[in-house]
Amino acid sequence: MSNQALYRKWRAQDFDGILGQDHITRTLRNQIRAGRLGHAYLFAGVRGTGKTSTARILAKAANCIGDTDAPPCNVCAICRSISEGASLDLIEIDAASNRGIDEIRDLREHVNFMPSECRFKVYVIDEVHMLTNEAFNALLKTLEEPPAHVIFVLCTTEPHRLPDTILSRCQRFDFKRATPDVVRQKLAFICAQEELQVSDEALSYLARRGAGSFRDAESLLDQVAAYGGGDISLDLVQAVLGTVPHQIILAIASAVALGDVPAGFRAIAAAFANGADARQLVVSLVEQLRALLLLRIGVTDGSLLLTSAEAEDLAALAAQPTFSLRRLVQGIRSFSEASEALRSAARPEIPLELALVEAVLVDADVAGAIAFDATTTQPFVAPASMASTPRPQPAAETKTAPSPADNVTPDREQATVARPAPAEPPELQEASLQSSTVIAESVAAPAAPGARVLSLEAVQGNWQRVVARMRAQSPQLQAVLRSVYPVAVAGNLVTLACDGAFHRDRLSEDKRREQVEQVLSDVLGAPSRIECIVDREARARPQGSSDEGPKDLFESADAEAERRRQLLNHPAVKDLTERGGQVRRVELNTDNTQEEG
């Protein structure tokens with residue numbers, strides 16, 4: 001019984017087997033025919049696109065002795081020896097485990113030896129970006145002027161980590177990520193050779209899950225084939241791979257596009273109840289939202305990467321009258337950022353739920369989507385009719401009006417009394433003559449209608465999103481923000497506590513400060529400014545603590561009751577109640593230590 005994986009068993013053996021890289025295979029073929037092989041090649045690209053396979057095929061083609069015009073022939077002794085891994089003239093080095101200068105010095109000593117049976121000795125250095133700087137420096141001279149019988153092939157997934165001195169000495173070939181159609185073509189070929197019965201929808205799904213990597217897709221096929229045995233359907237593939245069911249993904253996408261937050265929360269809970277992986281759920285959801293966006297704007301070609309049933313479901317969703325393109329775009333952005341916030345989330349569902357709420361609240365017509373009290377975000381404003389409609393003044397009951405303390409009720413539908421500025425009682429008296437319901441403004445300037453009032457809890461709750469969104473603008477600045485924490489809010493000014501003076505100075509520079517303020521304003525939905533202080537213990541202190549030590553739990557309640565009594569005994573309030581006014585509700589603005597109604 002063979003334990004060889006499918007991706008090894010069906011590895012490409014000639015240039016025709018390298019799919020989706022015609023720009024590379026054609027160039028190498030022409031060089032071999034013309035006898036103009038380079039001395040050093042750099043193969044760069046994502047994993048599973050054929051870099052190492054192409055390096056081996058190049059070694060066979062350069063040394064092939066068969067009677068063919070399109071080497072390698074895979075028949076001659078040299079081709080068979082290299083294919084079987086028995087050739088001494090093909091040396092493959094894993095730079096991840098042989099990354100030091102000693103290994104490169106050993107390589108320099110052996111390159112001078114002649115090949116044992118081939119014309120060229122081919123060195124394939126995989127993951128070459130893992131070499132140390134000293135190792136790169138030791139390789140420079142040999143790579144620039146190697147012996148005539150040596151060919152170097154460097155393979156890497158991160159070419160940007162290679163020194164320019166190495167890049168300039170190599171012919172660089174960039175391997176493209178394979179398209180789903182090309183990957184599906186390769187999977188169909190393997191299934192035919194292995195006599196596997198796999199449905200077309202299952203093959204297309206495996207190709208999409210491969211994300212452009214032949215090896216990843218073939219490994220998934222190997223796993224599914226071991227479980228299925230006979231016919232392999234899409235449902236079986238999704239069950240084996242632990243994929244979130246399409247109906248759950250569709251339900252979350254519908255909640256985003258239609259503004260149904262409760263339904264979205266239920267769908268997210270159902271996904272985690274079924275054992276879904278949070279990161280895979282986010283990836284699937286973003287792909288679904290992207291497909292929905294493309295359908296909405298009229299794209300119907302193969303870039304949707306959908307089955308026929310999925311396309312029909314999304315088309316029906318896009319035709320709904322309450323569909324919002326604005327919510328959909330915000331949903332794609334929010335859930336993409338949620339994948340970054342998953343690393344530090346206390347519970348994996350929280351970033352997804354916050355992303356859903358953020359996407360829904362971006363549209364003004366979803367005010368009823370969540371049952372929340374609007375007075376928690378902005379002060380209650382009495383209707384104009386309540387302030388302008390006069391009521392007859394009672395004559396005999398003016399002196400026997402009930403005590404204000406007896407009339408304080410939690411009725412949230414009525415305007416309330418706030419303590420007026422001491423210098424302006426005549427204005428309050430004039431207002432009372434026009435209405436028996438008292439509407440008084442606090443000393444602090446009121447927020448503009450519809451403006452969001454910042455709070456420390458809101459800033460701290462969204463801080464991880466601010467850090468995640470900063471990555472798109474400046475990864476270096478994101479690293480600084482990871483050592484910073486909001487500790488106070490005054491108006492639109494947010495105070496950030498830094499671990500050291502270095503972080504404070506970096507954030508205090510005009511350019512960086514403006515970048516942070518812009519991202520903070522976008523996340524919070526309100527203009528924001530920042531100031532930085534040095535406080536290494538701010539993150540460890542409980543919220544609301546201070547240097548004065550813990551306060552008695554009953555002090556705040558006693559102070560609140562005392563302020564209520566002072567408000568109700570204010571001369572202006574007493575005068576208004578004597579004229580027939582009634583106090584329906586008393587609110588205390590704890591942020592500004594003032595009362596307002």
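**A first walk through the model**

Hi everyone. Let's start with an open sheet of 3 strands, in the order β8-β9-β10 and with mixed pairing; strands pair if DSSP finds at least two bridges between them. At the edges are β8 (484-490) and β10 (529-534), each pairing on one side only. From one strand to the next, the twist averages 30°.

A word on the source: this is a predicted model, where local features need pLDDT of at least 70 and side-chain atom pairs count only at pLDDT 80 or more, while totals for chains, interfaces and linings use all residues. Residues are numbered from 1 along each chain as its sequence is written, and side-chain values use heavy atoms, with hydrogens and water left out.

Strands here are DSSP runs of E, at least two residues, and helices are runs of H or I, at least four, numbered from the N terminus. Strand β9 (residues 493-498) runs parallel to β10, joined by 6 bridges, and Ala497 stands opposite Ile533 in β10.

Now, the largest nonpolar core: how many residues does it have? It has 39, and Ile252, Leu281 and Phe335 are among those with the most contacts inside it. Such a core is a set of buried Ala, Val, Leu, Ile, Met, Phe, Trp, Tyr and Cys residues joined through side-chain atoms within 4.5 Å; buried means under 20% relative accessible area, with a 1.4 Å probe and protein chains only. Helix α14 (278-296) gives the most to this core, with 9 residues.

Finally, helix α9 (residues 200-209) has buried residues Ala202, Leu203, Tyr205, Leu206, Ala207 and Arg208. Just after α9, Ala211 takes a positive phi of about 55°.

Notes. Buried means under 20% relative accessible area, exposed over 50%, partly exposed in between (1.4 Å probe, protein chains only). Axes are lines fitted to C-alpha atoms, for helices over the stretch in contact, and angles run from 0 to 180 degrees between N-to-C directions.
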